[in-house]
Amino acid sequence: MKLIEKIQNKTAVIGVIGLGYVGLPMAVTVARKGYKVIGVDVSEYAVTHVNAGQNYIGNVDDDELKELVDKGMLRATFDYTEIKRAKLVLDTRLACGGQKAANLVRM
Ligand SMILES: NC(=O)c1ccc[n+]([C@@H]2O[C@H](COP(=O)([O-])OP(=O)(O)OC[C@H]3O[C@@H](n4cnc5c(N)ncnc54)[C@H](O)[C@@H]3O)[C@@H](O)[C@H]2O)c1
């Protein structure tokens, strides 16, 4: 199946690298739209809090984050190999200065 079809029928898994002020709201927004999201972060604090459905960023709704995690729509990991399952990866580490808020990498 082509990537565009996987996006249209929402079977494409989406990866987000970095679950901070840019990445976590982005991950929640994508999961809210019906895509499964795998978030990768090097921070134990970020990974454990996301997987517990606990918000640590002001602009993410606590209840929505918990619901998406409980439904299996959003999961965080340290393990970069898991992101190989993702068809699209949003890498927030690359966002800086006058550039776009995030860069999109096709896997
Ligand atoms: N927050 C903003 O309003 C804003 C605006 C413009 C640009 N930016 C840029 O966007 C980028 C992200 O900003 P932010 O505010 O989300 O930062 P943040 O510090 O809130 O979050 C960054 C996250 O990335 C994680 N991380 C760092 N290295 C990693 C790696 N190698 N692999 C996986 N995860 C890693 C950190 O643990 C952290 O959770 C930065 O480059 C920043 O300069 C941010």
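User: With 24 C-beta neighbours inside 10 Å, is L90 buried or exposed?

Analyst: L90 counts as buried, because it has 24 C-beta neighbours inside 10 Å. The cut-offs are 20 or more other C-beta atoms within 10 Å for buried, 12 or fewer for exposed, and partly exposed in between, with C-beta atoms placed from the backbone. Do keep in mind that this is a predicted model: local features need pLDDT of at least 70, side-chain atom pairs count only at pLDDT 80 or more, and totals for chains, interfaces and linings use all residues. Numbering starts from 1 along each chain as its sequence is written.

User: Which strand holds L90?

Analyst: Strand β4, residues 88-91; strands are DSSP runs of E with at least two residues, helices are H or I runs of at least four, and both are numbered from the N terminus. The C-alpha atoms of L90 and I14 are 7.7 Å apart, although 76 residues separate them along the chain.

User: What does V16 touch?

Analyst: Leaving out residues up to four places away in sequence, V16 touches G23, M26, A27, V37, G39, L90 and T92. Contact here puts C-beta atoms, placed from the backbone, within 7 Å.

User: How do I read a nonpolar core?

Analyst: In soluble globular proteins, nonpolar side chains tend to be buried together. A core is a set of buried Ala, Val, Leu, Ile, Met, Phe, Trp, Tyr and Cys residues joined through C-beta atoms within 7 Å. Here the largest has 24 residues, and V16, A27, A31 and V37 have the most contacts inside it. Its largest share, 6 residues, comes from α2.

Key:
Contact = placed C-beta atoms within 7 Å.
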